[in-house]
Amino acid sequence: MKVGWNAIVTGIGAYLPDKVLSNAALEIKIETSDAWIQARTGIKQRHLAADGELTSDLALAASRNALADAGVSGKDLDLIVLATTTPDSTFPATATKVQAALGMTQGAAFDVQAVCAGFIYALSVATNAITTGQTQKALVIGAETFTRLLDWSDRSTCVLFGDGAGAMVLENNAINSAERSGVLSSHLHSDGRFHDLLYVDGGPSSTGTTGHVRMQGPEVFKHAVNKLSEAVLEALDANDLDIKDVDWFVPHQANKRIIDRTADKLGIDPAKVIVTVDQHANTSAASIPLALHQGVEDGRIKKGDLVVLEAIGGGLSWGASVIRW
Ligand code: UT7
């Protein structure tokens with residue numbers, strides 16, 4: 001007898017713009033060095049969206065990739081949740097542009113804003129829609145043209161970010177036994193008292209401009225390690241799971257040192273951690289699906305594996321999800 005719905009992952013896709021900006025190329029623009037960037041962040045390069053290439057274009061490319069992987073047509077979707085901090089316009093939601101381009105005319109498409117934690121938030125919203133029976137086929141997207149928020153004269157932030165997109169197809173699947181699969185849980189947190197640690201100094205209601213990223217890096221670093229460790233333990237505990245049960249950790253890709261420090265604090269084997277930050281820097285909401293896509297494509301993440309996602313960003317906002325792949 002059917003007792004409810006699982007939200008299972010049936011497809012994953014990614015897109016990175018063609019243009020690559022290496023650390024060496026940044027050395028020419030600002031006072032920095034490849035050695036500093038690699039030692040402090042693990043980043044080797046980042047991708048930049050071309051002039052006229054918008055967040056919706058990146059999102060659409062990743063979405064087509066994910067839909068092909070799932071064998072699902074855009075017309076079959078009844079939900080798109082797109083996580084972004086860099087929408088094409090203040091309104092309407094960038095998700096509705098993707099919706100139109102995919103030929104989807106039913107259901108709903110909207111954006112969520114939780115900066116670097118955005119993919120976890122979007123995944124949570126889509127999972128809840130599926131497990132409550134509201135939605136059958138959802139597309140969850142993380143897409144950013146984050147470099148458009150950068151102050152290229154601020155070396156403490158401009159070397160850290162890149163553009164990109166990733167997407168995941170989630171489908172409902174009847175739960176016929178006690179064994180659950182797909183997205184098992186998402187835990188979300190935010191604490192607005194930490195606004196000043198990481199924010200953009202503009203917006204439609206304040207300055208009328210888009211603004212630039214401002215960050216107190218070392219403070220964010222400390223919060224990241226502590227809050228991400230707590231979120232992972234909370235997520236595992238909620239599922240009666242332990243660190244040793246996890247096959248793959250897929251952290252937000254902001255800084256290799258944050259990833260290493262968090263894994264170390266939790267006693268996670270570094271061989272179980274998927275790291276892609278070297279290739280695309282911090283792509284905010286896109287980073288988790290980009291890393292997931294890499295792990296699936298190179299054969300590390302396989303059906304049945306237990307995968308834990310975690311992310312933190314401006315807000316501060318953070319969270320973790322557990323997926324039986
Ligand atoms: O998605 C969540 C968003 N953000 C994050 O997760 C970022 C969290 N924070 C970080 O990743 C790190 O704090 C940074 C990578 C931003 C900075 O690394 P750090 O080890 O915390 O360095 P710092 O800010 O303490 O700076 C150390 C030195 C400073 O020089 P002095 O004062 O020691 O002489 C900086 O001026 O490094 C200098 N510096 C640079 N040098 C060369 C800062 N940026 C650069 C740079 N190139 N790009």
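Predicted model: local features only at pLDDT ≥ 70, side-chain atom pairs only at ≥ 80, totals over all residues.
Residues are numbered from 1 along each chain as its sequence is written, and side-chain values use heavy atoms, without hydrogens and water. Local features need pLDDT of at least 70 and side-chain atom pairs pLDDT 80 or more, whereas totals for chains, interfaces and linings use all residues.

The shell around the ligand holds 23 residues, of which T32, R40, R155, H252 and N255 come nearest (a shell residue has a heavy atom within 4 Å of the ligand). By class, 12 of the shell residues are nonpolar, seven polar and four charged. An oxygen atom of the ligand lies 2.7 Å from a side-chain N or O atom of R40, and a polar side-chain atom of W36 is 3.1 Å from a ligand oxygen. For R155, a polar backbone atom is 2.9 Å from a nitrogen atom of the ligand. The protein buries 73% of the 950 Å² that the ligand exposes when taken alone (Shrake-Rupley method, 1.4 Å probe). Two or more shell residues come from each of α2 (34–41), α6 (155–158), α7 (217–238) and α8, with α7 giving the most, four residues.

One cavity of 30 Å³ or more is found in the whole structure (on a 1 Å grid, points where a 1.4 Å probe fits but cannot get out; lining residues have an atom within 4 Å of a point). The volume of the largest cavity is about 60 Å³. Its lining comprises 10 nonpolar, one polar and one charged residues, and includes F249, L266 and E310. The largest share, four residues, comes from α8.

Technical notes:
1 Å grid on protein atoms, 1.4 Å probe; cavity = no way out; pocket = protein on both sides within 12 Å on 5 of 7 lines; lining within 4 Å. Points joined across faces, edges and corners; volume = space filled by probe spheres on them. Nonpolar A, V, L, I, M, F, W, Y, C, P; charged D, E, K, R; others polar. Polar contact = N/O pair within 3.5 Å; in protein donor to acceptor, adjacent residues only side chain to side chain.
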